[in-house]
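This report describes one protein chain. Please consult the sequence and the structure as each section is read.

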Amino acid sequence: MADNTKVYPSGLTEKEAQEFHSWYTQGLGAWIVLSAFAHVFTYHYLPWF
């Protein structure tokens, strides 16, 4: 029988999937902020327009 405590196809429980999602979204936000900072810094150092 199917195990209802797992989120398929990942095999994570619902709580584990939510925890992973929160870490993933925080990492994505950090990546966006870092890349935006890098673009602004690069533009001020060497404008491409």
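Phenylalanine 20 and tyrosine 24 are both exposed, where exposed means over 50% relative accessible area, buried means under 20% and partly exposed covers the values in between (1.4 Å probe, protein chains only). The rings of phenylalanine 20 and tyrosine 24 are stacked, because their centres are 6.2 Å apart and their planes stand at 25°. Rings of Phe, Tyr and Trp (its six-membered ring) count as a pair if their centres lie within 6.5 Å; planes under 30 degrees apart are called stacked, over 60 edge-to-face, and the rest tilted. Phenylalanine 20 and tyrosine 24 both belong to helix α1 and are four residues apart, which is about one turn of the helix.

The model is a predicted one, in which local features need pLDDT of at least 70 and side-chain atom pairs count only at pLDDT 80 or more, while totals for chains, interfaces and linings use all residues. Residues are numbered from 1 along each chain as its sequence is written, and side-chain values use heavy atoms, with hydrogens and water left out.

**Aromatic pairs**

By the ring rule, there are three aromatic pairs. Another of the stacked pairs joins phenylalanine 41 and tyrosine 45, whose ring centres are 6.4 Å apart with planes at 5°. Phenylalanine 41 and tyrosine 45 also lie in helix α1, four residues apart, or about one turn of the helix. Through ring pairs, Phe37, Phe41 and Tyr45 are linked into a cluster.

**Exposure along the helix**

Helix α1 spans residues 14-45 and includes histidine 21.

| Residue | Relative accessible area |
|---|---|
| Histidine 39 | 52% |
| Phenylalanine 41 | 52% |
| Tyrosine 45 | 66% |
| Tryptophan 31 | 58% |

UniProt positions are given in the numbering used here, feature names are shortened, and annotations may be inferred rather than shown by experiment. The unreviewed UniProt entry also lists residues 28-46 as "transmembrane region". Over residues 28-46 the chain is 95% helix and 0% strand, with the end C-alpha atoms 26 Å apart.

**The chain as a whole**

Along the sequence, the pattern is β-β-α. Strand β2, residues 12-13, contains threonine 13. Threonine 13 is partly exposed, since its relative accessible area is 22%. Apart from neighbours within four places in sequence, threonine 13 is in contact with Thr5, Lys6 and Val7, contact meaning heavy atoms within 4.5 Å.

What percentage of the 49 residues in the protein chain is buried? Buried residues make up 0% of them. The protein chain has an accessible surface of about 4,800 Å², and 70% of this belongs to carbon and sulfur atoms; accessible areas come from the Shrake-Rupley method with a 1.4 Å probe, and for residues only the protein chains shown count as cover.

A nonpolar patch on the surface has about 1,300 Å² of accessible area together, and its members include Phe20, Tyr24, Trp31, Phe37, Phe41 and Tyr45. Patches consist of residues with over 30% relative accessible area and no salt bridge, with like charges joined within 9 Å and nonpolar side chains (Val, Leu, Ile, Met, Phe, Trp, Tyr) within 5 Å. A salt bridge is a side-chain nitrogen of Lys or Arg within 4 Å of a carboxyl oxygen of Asp or Glu.

Methods:
Helix = DSSP H or I, 4+ residues; strand = E, 2+ residues; numbered from the N terminus.
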